[in-house]
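Here is a short report on one protein chain.

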Amino acid sequence: MDNNDFLEDNIQQDSSDLSGTQEMDSISERSSVSDSDGGIMPRERFTDLNSTDDNEKTRMMDSVVPDTDFQYSEEEAPAAAVVKRRRKKKKKKKKQLNHTRTFGQIFLGSLLSVLAVSAGTFLAFKLITALKDFTGMAKESREYEIVITDDMNVAQIADVLHDNGIIEMPTLFKMYINLSDKDKGFLNGEFIVKSNMSYDIIVDTLKTVKTYTETVMVMIPEGSTAQDIGRILEENYVCRAEDFELYYKSKLDKFEFEEQIPDSDDRFYYLEGYLFPDTYQFYVIDDLKENPEFDTMEYAKNAANKMYANFESKITRGIEYRMQEVGLTLDETIILASLIQKEGTNAENFAMISSVFHNRLNNRGEFPCLQSDTTYTYIDNCIKPTIPDSAGDAFDDMIFEYDTYQSEGLPVGAICSPGLEAIQAALYPADTNYYYFLASEDGAFYYAETNDEHEQNIIDAELRASENDE
């Protein structure tokens with residue numbers, strides 16, 4: 001018996017025991033596979049090829065291929081081989097996906113970098129432009145004349161500046177004004193501004209009264225009314241009379257003497273009498289020469305403030321003490337002094353006239369009214385011309401309070417601006433018993449203690465006048 005017959009007999013003998021053994025089945029199925037000698041591969045050779053101690057041998061075993069005619073069923077396909085093929089496929093797909101992601105990330109990063117650089121360049125340009133506009137530095141110097149009117153708001157002013165090439169960023173200019181609370185105080189008129197001015201200087205320029213170089217000496221005569229003073233200022237191109245009126249018509253709440261002026265609806269001009277008569281130096285408003293409607297409110301305000309400040313400086317402590325001694329308030333002193341100023345001509349007759357008024361004020365039972373014709377003049381020349389035709393009798397009470405032939409005591413307000421001599425005379429009257437006085441046309445004064453004496457003085461004054469006419 002040869003070896004093959006012996007192996008076949010043994011396989012048949014033990015088939016019932018080895019039928020479930022995969023290894024033996026595999027050996028049986030591979031019976032046709034021979035080694036290099038053409039026979040069955042010995043167990044020692046098989047073991048040697050699959051040994052883990054020698055990689056080369058293992059590779060040789062792997063190179064042993066099955067019979068080409070043999071096919072595995074789906075159930076019998078080696079699991080390891082399937083798994084190995086799937087792993088290779090997944091690995092290849094993952095590698096391709098990583099390449100795609102890498103390219104996308106590079107592109108996105110490049111795009112973001114370009115955008116960042118572009119945005120940074122744009123913002124940097126805008127920032128530089130804003131800084132130049134805000135500070136006025138590194139800008140071409142150009143001078144423009146712009147006009148600001150009453151009805152213009154901050155946005156419109158910014159647009160005018162932008163349209164004239166003064167600023168480049170009107171929105172930034174508006175933000176600056178609003179955030180710095182500088183939206184009030186812009187003046188009306190024409191202003192010279194430059195393109196290299198900072199925002200702060202531009203705003204200050206538009207809030208500053210235009211400075212003129214030419215000046216004029218203006219004399220305000222004693223006894224002038226507030227309306228007279230306004231006309232004098234306008235004639236000398238200091239300000240418009242209409243603008244000046246705004247600063248004596250009502251209280252300004254700026255000077256201490258205003259606190260001593262009582263409130264009264266019947267007072268025509270609150271600050272009449274406080275515009276101290278003197279010689280002042282003012283700037284000549286050239287624009288007023290060319291444009292009679294030129295806004296001069298700020299210049300009028302400066303002129304009025306200068307006169308009020310001068311008045312306040314004249315009211316010394318000595319005058320205040322004397323007012324207390326004779327029982328007069330500051331306002332009563334000025335009202336009385338305004339009557340004396342209008343009635344008299346010099347310090348001597350000021351004191352005499354003052355004595356007549358004081359005697360009447362101290363004897364109101366017999367002489368309730370001062371009866372000064374000068375108050376008629378003020379009513380006719382100052383008050384009545386301002387009363388509108390539609391007012392009806394709305395000003396009757398005011399007229400009554402100024403009429404010293406109807407109202408008792410002093411009128412409700414001063415009728416002119418008295419000088420220092422008249423103020424002194426109101427506080428230091430002559431010591432007399434006179435209750436009447438009059439002046440002839442040629443300036444002679446007559447005084448009387450009784451009405452009969454006064455009537456005779458009237459006759460004498462008329463005779464004096466007729467004699468002078470001859």
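## Confidence

Residues 79–85 keep a pLDDT under 50, and the model gives them 0 contacts beyond four places in sequence. The model is predicted. Across the protein chain, pLDDT averages 81, and 72% of the residues score at least 70. A further stretch, residues 55–70, has pLDDT below 50. That stretch, 55–70, has 10 contacts in the model beyond near neighbours in sequence.

## Helix H7

Helix H7 spans residues 154–163. Its buried residues are Val154, Ile157, Ala158 and Leu161. They lie on the same side of H7, because they cover an arc of only 100° around the axis. An α-helix has 3.6 residues a turn, so residues three or four places apart point the same way.

Several elements cover the buried residues of H7. Among them are strand S1 (143–148) and helix H8 (170–179). Strand S2 (189–194) and helix H9 (199–206) are also included.

Both ends of H7 have features to check. Asparagine 153 caps the N-terminal end, with a side-chain oxygen 3.2 Å from the backbone nitrogen of alanine 155. After H7 comes glycine 165, with a positive phi near 75°.

## Helix H14

Helix H14 covers residues 317–326. Which of its residues are buried? They are Ile319, Arg322 and Met323. Seen down the axis, the buried residues of H14 fall within an arc of 105°, so they line one face of the helix. The other side of H14 holds exposed residues: Arg317, Tyr321, Gln324 and Glu325.

The buried residues of H14 pack against helix H13 (297–314), helix H15 (330–343) and H19. H14 is followed by glycine 327, whose phi is positive, near 75°.

## The H14–H19 contact

How do the two helices pack, and at what angle? H14 and helix H19 (residues 420–427) pack at about 35°, with axes 9 Å apart. From H14, the contact uses Ile319, Arg322, Met323 and Val326. From H19, it uses Leu420, Gln424 and Leu427. By class, the contact has 5 nonpolar, 1 polar and 1 charged residues.

## The loop at glutamate 441

Glutamate 441 sits in the loop between strand S5 (436–439) and strand S6 (445–448). Is this residue buried or exposed? Glutamate 441 is exposed, with a relative accessible area of 72%.

Glutamate 441 and alanine 465 are 24 residues apart in sequence. In space, their C-alpha atoms are 6.4 Å apart.

Terms used:
Residues numbered from 1 in each chain as written. Predicted model: local features only at pLDDT ≥ 70, side-chain atom pairs only at ≥ 80, totals over all residues. Heavy atoms only, no water. Buried < 20%, exposed > 50% of the residue type's maximum accessible area, 1.4 Å probe, protein only. Helix = DSSP H or I, 4+ residues; strand = E, 2+ residues; numbered from the N terminus. Arc of directions from axis to C-beta. Contact = heavy atoms within 4.5 Å. Polar contact = N/O pair within 3.5 Å; in protein donor to acceptor, adjacent residues only side chain to side chain. Axes fitted to C-alpha atoms, helices over the stretch in contact; angles between N-to-C directions. Nonpolar A, V, L, I, M, F, W, Y, C, P; charged D, E, K, R; others polar. pLDDT = per-residue confidence, 0-100.
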